[in-house]
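Visitor: I would like to go through this model by asking about one feature at a time. Please give the cut-offs along with the values.

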Amino acid sequence: MRARSDAGVGSEARAPLTPLVAPTEGASAGSSSVIAALLPLMAVVLVGFCLIGAAMPVLPLHVHDGLGFGPVMVGIVAGSQFCSALLARLWAGSVADRWGAKRAVMIGLVGAAVAGMLYGLSLPVTSPIAAISVLLAGRAVLGAAESFIITGATIWGLARVGGRNAGKVIAWMGTAMFAAFAGGAPVGTWLYERGGFRAIAAATAIAPLLTLLLVMFLHGAVPSHRESPSIIGVISRIWKPGLGAALGSVGFGALSAFSSLLFVERGWTPIWLPFTSYAVGLIAARILFGHGPDRFGGARVAVVSLLVETAGLILIAVAPSGMLAAFGAALTGLGYSLVFPGFGVEAVRSAPAESRGVAMGAYTACLDLALGVSGPVLGLAAGAAGIGSVFLVSALVVAGAIAVGAPMMRSARAG
């Protein structure tokens, strides 16, 4: 398919979108106009992910305390979402390229509601093995659904503002997602304390359906329905930035799966504080420095950010108090904030313009692969050496991403 030309005004971009008309790739869009064009899509991601993210701080408690499983199963349940997201990324990107980003987003929202229903169906089951199986199915459906939502929204944003603003698109869509996680964490804890996991299941099922109503009123773009270039060819172009993003994302996996258990183990409250601190740090960095990858180069910004993320993870591991651990989580979010869009700029600019959906799907799949594998592996580390060791191991892995980004930075400078 050739849905978009190198100028960013292919058949999708020529279709009426909204009163907010996207600039072409060759145009230089100001930051305010880019944000204005992306705002409706950010609202979709924000609302869609808010109560999806409500399960993040309480799911480990439900698996560990409610169902009686150990840290390895906690890691498996957390990682299962990312494994299914990995399998769905290329599919989501292909749907966005061929049938339109709006359709991809709508498919994702319906899938997220189904996941919430599966959460609910796991509760009446008395056998812990059967209950965890249904819960794993819900996590798998949710992972695929999130792939369609965030991939579709990102491609939709690229169609609106052009590839020259790829860093801003990736950063602002991620900002909306993590803002949803920041709000969802305390909301999820509040729901869990008052209604147990049943309340989480109900909220997870209802919120995406409400968001679907919002999407129906947004104008999508008309796809050309032509075939896209070889997936293998696209992957061969983006695997290096994908590897950097994968290694750099392990810190997020550690924090999402094990920070609440760390707080419970050490008697720190509230348990949602590291999630919200992480998200606040990430959002603050993207508001202040979101233009960085487009202006200074994605690899350069990613390498600097990796250093900050590594320091934050080490601080969580050695923190003597909950407040210092929360500060480490905020530092981790501050660092990771521009790792993903930094490497993402390199990925988008390496891929053909007509295959951006597949390119973004493949790029994000690298993140899912890392998170899916790291969950159980970090669970083994927690079982062998304690919860705190999870964050030290993650810091080492994140620091390893610098070895991927540094050569890319030198190549860009030489070019």
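Guide: What follows is a set of questions and answers on this structure.

Visitor: What kind of model is this, and how are residues numbered?

Guide: This is a predicted model, in which local features need pLDDT of at least 70 and side-chain atom pairs count only at pLDDT 80 or more, while totals for chains, interfaces and linings use all residues. Side-chain values use heavy atoms, with hydrogens and water left out, and residues are numbered from 1 along each chain as its sequence is written.

Visitor: How many helices and strands does the chain have?

Guide: Helices (H or I, at least four residues) and strands (E, at least two) are DSSP runs, numbered from the N terminus. On that basis the chain has zero strands and 17 helices.

Visitor: What percentage of the residues in the chain is buried?

Guide: Buried means under 20% relative accessible area, exposed over 50%, and partly exposed in between, with a 1.4 Å probe and protein chains only. The chain has 415 residues, and the buried share is 60%.

Visitor: What share of the contacts with a separation of 6 or more is between residues 24 or more positions apart?

Guide: A contact means heavy atoms within 4.5 Å. Counting contacts in the chain with a separation of 6 or more, residues 24 or more positions apart account for 84%.

Visitor: What is Phe 178 in contact with?

Guide: Phe 178 is among the residues with the most contacts inside the largest core. Neighbours within four places in sequence are left aside here; the contacts are then Phe 252, Tyr 278, Ala 279, Leu 282, Ile 283, Arg 286 and Tyr 336.

Visitor: How much space lies in the largest cavity?

Guide: On a 1 Å grid over the protein atoms alone, a cavity is a set of points where a 1.4 Å probe fits but cannot get out, and lining residues have an atom within 4 Å of a point. Grid points are joined across faces, edges and corners, and a volume is the space filled by probe spheres set on the points. The whole structure has three cavities of 30 Å³ or more. The space in the largest cavity is about 520 Å³.

Visitor: Which element gives the most to the lining of the largest cavity?

Guide: The lining has 37 residues, and the closest to the cavity centre are Phe 82, Glu 146, Met 177, Phe 181 and Phe 252. Elements that give two or more residues include α3 (59–66), α6 (128–161) and α15 (356–385). The most, seven residues, comes from α4.

Visitor: How many residues of that lining are nonpolar?

Guide: Ala, Val, Leu, Ile, Met, Phe, Trp, Tyr, Cys and Pro count as nonpolar, Asp, Glu, Lys and Arg as charged, and the others, Gly among them, as polar. The lining of the largest cavity has five charged and seven polar residues, and its nonpolar residues number 25.

Visitor: What joins Thr 269 and Pro 270?

Guide: Most peptide bonds are trans. Pro 270 sits in the loop between α9 and α10 (273–289). Omega between Thr 269 and Pro 270 is about -5 degrees, and the link is a cis peptide bond.

Visitor: Is Ile 271 buried or exposed?

Guide: Ile 271 is also found in the loop between α9 and α10. This residue touches Pro 57, Leu 61, Thr 189, Ser 260, Phe 263 and Val 264, not counting residues up to four places away in sequence. Its relative accessible area is 14%, so Ile 271 is buried.

Visitor: What is the relative accessibility of Phe 263?

Guide: Phe 263 is in helix α9. Among its contacts beyond four places in sequence are Trp 268, Pro 270, Ile 271 and Gly 322. Phe 263 counts as buried because its relative accessibility is 2%.

Visitor: Which residue forms a salt bridge with Arg 194?

Guide: A salt bridge is a side-chain nitrogen of Lys or Arg within 4 Å of a carboxyl oxygen of Asp or Glu. A search of the whole structure finds one. The closest N and O atoms are 3.5 Å apart, and the partner is Glu 193.

Key. Core = buried A, V, L, I, M, F, W, Y, C linked by side-chain atoms within 4.5 Å. 1 Å grid on protein atoms, 1.4 Å probe; cavity = no way out; pocket = protein on both sides within 12 Å on 5 of 7 lines; lining within 4 Å.
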